Amino acid sequence: MNYADYHLHSEFSCDAHEPIEFICNKAVSEGVEEICITDHCEFPLQDKYPWPDFKKREEVINAFRERYEGKLTILSGVELGQAWNEVPRLDDLLKENDFDFCLGSVHALDGVNDMSHMGINEDNYREYFEEYIRQLELTVKTTDFDVMGHITYFFKPFNADFIKRYPPESFRKDYTELLDLIASNGKGIEINCSGLRIPGLQNTMPSEEIIRWFRLCGGKIVTVGSDGHSRYSACRNIPEGYKVLKKAGFDKITRYRKREPYFVEI
């Protein structure tokens with residue numbers, strides 16, 4: 001099967017240090033034929049988490065496009081965190097850069113701290129979860145992106161016991177409303193394979209069941225990403241992600257060129 005990984009972070013991202021060359025080598029060794037580098041732009045956190053030098057990154061990507069021609073396709077992308085906070089700034093970013101793909105996401109509910117550092121627990125999780133869903137919906141309604149990343153990211157910090165008692169699938173009403181909004185706006189969702197490497201989750205983000213709900217809502221656009229931040233995690237678990245997509249009832253994966261989606265049979 002011709003695999004593609006649409007969620008990767010390189011040395012140009014605030015939270016990664018891996019040279020793009022090493023990511024390319026890992027992709028080829030894992031049988032991945034297409035990758036998209038989606039380094040972070042966190043809104044409104046540019047001072048805390050510096051944005052990539054996209055001009056320099058593009059020079060590096062172009063050099064490796066030539067080197068890997070015929071072996072690997074390398075796309076230029078971005079992960080937009082909490083972009084609803086600064087829509088004009090987002091618009092400027094998109095005008096200044098010719099991205100192939102834009103991944104929308106929410107990491108910091110308070111605009112400062114990742115959810116894993118906000119003291120979310122069994123007593124207050126419902127309040128925070130509702131805020132998480134609200135911000136995902138705001139992202140859909142107000143920002144320019146292609147695919148919503150890891151929509152069960154909220155559950156990432158919790159242990160297996162919590163997940164067993166409060167699985168993401170137990171919030172069907174909340175997720176169905178979100179998925180319906182995403183589908184009706186012509187956007188997609190991501191199968192984030194990093195959840196398979198998280199002890200508490202041991203599942204893709206979102207799970208097969210939630211992906212199936214997206215299909216029932218009329219959703220058609222789905223990408224798969226490793227969320228790799230190192231040569232160890234880059235392109236890992238991509239075949240498992242494709243299997244989950246197939247089990248959820250999809251027979252095509254979505255790819256992008258210059259932010260235009262097209263479909264490839266799986």
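Student: Why is Asn192 called buried?

Tutor: In this predicted model, Asn192 has a relative accessible area of 0%. Buried means under 20%, and Asn192 at 0% is therefore buried.

Student: Where is the place of Asn192, and what is its bridge partner in strand 7?

Tutor: Asn192 belongs to strand 6, and its bridge partner in strand 7 is Gly225. Ile191 has a bridge partner in strand 7 as well, namely Val224. Asn192 also has Ile238 at 8.9 Å, C-alpha to C-alpha, although the two are 46 residues apart in sequence.

Student: What makes strand 6 and strand 7 a pair?

Tutor: The count of bridges. Strand 6 (residues 188-192) and strand 7 are joined by four bridges and run parallel. A pair needs at least two bridges, and with four bridges strand 6 and strand 7 meet that condition.

Student: Which strands stand at the edges of the sheet, and how do you know?

Tutor: The sheet is open, with seven strands in the order 1-2-3-4-5-6-7 and parallel pairing. Strand 1 (3-8) and strand 7 each have a single partner strand, so one side of each has no neighbour in the sheet, and these two stand at the edges.

Student: Which way do the residues of strand 7 point?

Tutor: In strand 7 (residues 222-225), Val222 and Val224 point one way, while Thr223 and Gly225 point the other way. All of them are buried. In a regular strand the side chains alternate between the two faces of the sheet.

Student: Why does Gly195 count as buried?

Tutor: The relative accessible area of Gly195 is 0%, so it is buried, the limit being under 20%. Gly195 is in the loop between strand 6 and helix 7 (208-216). Its C-alpha atom is separated by 7.3 Å from that of Lys156, which is 39 residues away along the chain.

Student: Why is the pair of Phe129 and Phe154 called edge-to-face?

Tutor: Two values decide this. A pair of aromatic rings is described by the distance of the centres and the angle of the planes. The ring centres of Phe129 and Phe154 are 5.5 Å apart, and pairing asks for centres within 6.5 Å. Their planes stand at 70 degrees, and over 60 counts as edge-to-face. The pair is therefore edge-to-face.

Student: What parts of the chain does the pair link?

Tutor: Distant ones: Phe129 is in helix 4 (residues 125-142), and Phe154 is in the loop between strand 5 (147-148) and helix 5 (160-165), 25 residues apart. Phe129 and Phe154 are both buried. Phe154 also pairs with Phe155, at 5.3 Å centre to centre and 85 degrees between the planes, again edge-to-face. Phe155 is buried too.

Student: Which residues do ring pairs link into a cluster?

Tutor: The cluster consists of Tyr125, Phe129, Tyr132, Phe154, Phe155, Phe158, Phe162, Tyr166, Phe171 and Tyr175. The whole structure has 19 aromatic pairs.

Student: How do you know that Arg89 lies over the face of Trp51?

Tutor: Arg89 is at 4.7 Å from the ring centre of Trp51, and the distance limit is within 6 Å.

Student: What makes the phi of Cys235 worth noting?

Tutor: Cys235 has phi near 65 degrees, a positive value, and is not a glycine. Cys235 is in the loop between strand 7 and helix 8 (238-247). With 1% relative accessibility, Cys235 counts as buried. Arg259 is not a glycine either and has a positive phi of about 70 degrees; its place is in the loop between strand 8 (252-257) and strand 9 (260-265).

Student: How do you know that the peptide bond joining Phe43 and Pro44 is cis?

Tutor: Its omega is about 0 degrees. Pro44 is in the loop between strand 2 (32-42) and helix 2 (54-67).

Student: Which residues lie nearest the centre of the largest pocket?

Tutor: Asp15, His40, His107, Asp114 and Tyr153, out of 21 lining residues. By class, the lining has six nonpolar, nine polar and six charged residues. The volume of this pocket is about 340 Å³.

Methods: Residues are numbered from 1 along each chain as its sequence is written. This is a predicted model: local features need pLDDT of at least 70, side-chain atom pairs count only at pLDDT 80 or more; totals for chains, interfaces and linings use all residues. Side-chain values use heavy atoms; hydrogens and water are left out. On a 1 Å grid over the protein atoms alone, a cavity is a set of points where a 1.4 Å probe fits but cannot get out, and a pocket is an open set with protein on both sides within 12 Å along at least five of seven lines; lining residues have an atom within 4 Å of a point. Grid points are joined across faces, edges and corners, and a volume is the space filled by probe spheres set on the points. Ala, Val, Leu, Ile, Met, Phe, Trp, Tyr, Cys and Pro count as nonpolar, Asp, Glu, Lys and Arg as charged, and the others, Gly among them, as polar. Rings of Phe, Tyr and Trp (its six-membered ring) pair if their centres lie within 6.5 Å; planes under 30 degrees apart count as stacked, over 60 as edge-to-face and the rest as tilted. Buried means under 20% relative accessible area, exposed over 50%, partly exposed in between (1.4 Å probe, protein chains only). A charge sits over a ring if NZ of Lys or CZ of Arg is within 6 Å of the ring centre and within 35 degrees of the ring normal.
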